[in-house]
Amino acid sequence: MSALTFTLKAAPSQRIDCSPLTPELLAEKTLDQIKAIELVSGKQKLSVESLFDVAGDDTNDIHVANSTNKLDFIGRNMTHGKISVDGDVGAYLGLFMEAGEIEVNGNTAIYTGCEMKGGQIKVNGNTGDFVGGARPGQKNGMTGGTIIITGNSGDRTGDHMRRGYILIEGNAGDYCASRMVSGTIAVLGDTGAHLGYAMKRGTILLTKMPSRGITANFNDCGSHTLAFLALLFASFKKLDSQFANIESFSRVQRYAGDLAGIGMGEILVKI
Amino acid sequence: MIINGVTIDETFAEAFPMKGTRLIITAHNAKWAMISAQAFTGFATSVIACGCEAGIERELDGSETPDGRPGVSVLIFAMGGKGLAKQVETRAGQCVLTSPTSALFSGLDEETEMALGQNLRFFGDGFQISKMIDGKRYWRIPVMDGEFLTQEKTGVAASVGGGNFLVLAESQAQALAACEAAIEEMKKIPNVIMPFPGGVVRSGSKVGSKYKALNASTNDAFCPTLKGQTKSDLSPEVESVMEIVIDGLTKEDIDKAMRVGIQAVCDLGAEKGIRRISAGNYGGKLGPFHFHLQEIMA
């Protein structure tokens, strides 16, 4: 079997809802049936065949080639299998994703991994704002799974995040971990302004002190050796990420906040 | 059956089903991991009065523990899941949580799980922090020496308790030496513990008593001082009997432990005053697991 490949024929003029193109929704469909699937694009419904060249037959291994940032909702509600994308993708990559794997060789737009419940998203590039966040008006962002970003993340990364991991190999934008409820965000690079703004619980793990320092809303709890970090780094070893290669450390400076709220979150900075 | 002059009785040890789990206790160094493990497994020789049977399985180096620190694996068994959960929680709370630098992890992955640190977390008074790592939940509980890290749950295995054999010797010193040799070999077998002090029990019991309040009493048939007073199972030259009790995660584990233990006793042989190997059973009425000595040593 070969990967089921969707090659975008031309840059679309309108955004395209790609949510029907997941392993579970394509399972047991013939190639002709897949080509006949209609995708919502603005006010229109366009057939898959009119937008993509389709080849291959393995619905558990979906590949999107020649992608652009107008392809939204890729991997929505995905429960198994793999989707790989060459090129940029649009908004809501992996929305509500429960399991499986998505890998993007390009940049993603807003709401990557929004409210995802499990599985893994790896972005070999940069992401937009609200990675792992909650939709407007929703209380919980991602509740499980792992998002790996090899580049930089946008603003409000992990907004309302409830559980899971966001691992950023580059820099995080402003308001990283804003309104975070729980979970872990680790950043190898720098972080933007207002780190941990309105953070309730959860962990921000930094390998170096942010260039802007720690905000006044966080209190210094001192330097500590935390045993759980050894387990955390051990769990990173299986990842295809720089996080698998960083030397484990358990000695950190601990800051608690956001003290404007319940103040149960923490920023851990390697020392 | 006679091995090196030691008679292996044609009898069987009778064991019963228990629920068990393995826990891994780590600490800053091996010394403190052992101290915590010894506290955790203290007063846990027999379910008759302790509520559980527990013991140290073996020491672990840093490469074998979840947090990379030296540790000790312990096994704990009780007659039922609820009883086991209660014992684990109280012992973990009083003996591991309190022990300097300790951390506590599950050492057994099973479908059936029970609380480990799930309720201990409330000691954190709201400052406790949960972390999901590789699909398992851990609790970080702030304590005065830093943080107590514990896994939320541990697996519960259907296990076997009460495997045993009796060493019948010409003197107390010879019985003790033989049991020490047996325990040294049996400790090398994984998945088993010998819960009595040093692995050896000198007060084997029978079911029932002349006193209504007691459901177990001394095994008078094997008490050498009663040879002329009761229906004794001892020959005139036997002056001391000691028992080794084994609890294990499976029947096969107990089989192995009994085999190496009895063999170690037999290696000393009649020359060292060992006369017989026997076993405690209750006519097959107590437990469904029967360990036939001659079959084990065949």
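Chain B is divided into two domains. The model is a predicted one. In it, the C-alpha centres of domain 1 of chain B and domain 2 of chain B lie 30 Å apart. The two domains do touch: ten residues of domain 1 of chain B are in contact with eleven residues of domain 2 of chain B. On the domain 1 side of this contact, eight residues are nonpolar, one is polar and one is charged.

Confidence was examined for the chain and for the complex. Chain B has an average pLDDT of 95. In chain B, 100% of the residues score at least 70. For the complex, the predictor gives an ipTM of 0.92. The pTM of the complex is 0.92.

The contact between the chains was considered next. Chain B contributes 14 residues and chain A contributes eleven residues. Three strands of chain B each give two or more residues to the side that touches chain A: β8 (129-133), β9 (136-143) and β10 (146-151). The largest share comes from β8(B), which gives four residues. By class, the chain B side holds six nonpolar, three polar and five charged residues.

Two residues of chain A were then examined individually. Lys43(A) is located in the loop that connects β3 (38-41) and β4 (44-47) of chain A. Is Lys43(A) buried or exposed? Lys43(A) counts as exposed because it has 6 C-beta neighbours inside 10 Å, and the cut-off for an exposed residue is 12 or fewer. Gln14(A) is 29 residues away from Lys43(A) along the chain. The C-alpha atoms of Lys43(A) and Gln14(A) are separated by 9.1 Å.

Tyr175(A) counts as buried because 24 C-beta neighbours lie inside 10 Å; the cut-off for a buried residue is 20 or more. Which residues are in contact with Tyr175(A), leaving aside its neighbours within four places in sequence? The contacts are with Asp155(A), Arg156(A), His194(A) and Tyr197(A). Thr79(A) stands 96 residues from Tyr175(A) along the chain. Between the C-alpha atoms of Tyr175(A) and Thr79(A), the separation is 30 Å.

Conventions: Residues are numbered from 1 along each chain as its sequence is written. Chains are lettered from A and ligands numbered from 1 in the order in which they are written. This is a predicted model: local features need pLDDT of at least 70, side-chain atom pairs count only at pLDDT 80 or more; totals for chains, interfaces and linings use all residues. Domain bounds come from an automatic or database domain assignment. Two residues are in contact if their C-beta atoms, placed from the backbone, lie within 7 Å. Ala, Val, Leu, Ile, Met, Phe, Trp, Tyr, Cys and Pro count as nonpolar, Asp, Glu, Lys and Arg as charged, and the others, Gly among them, as polar. pLDDT is the predictor's confidence in each residue, from 0 to 100.
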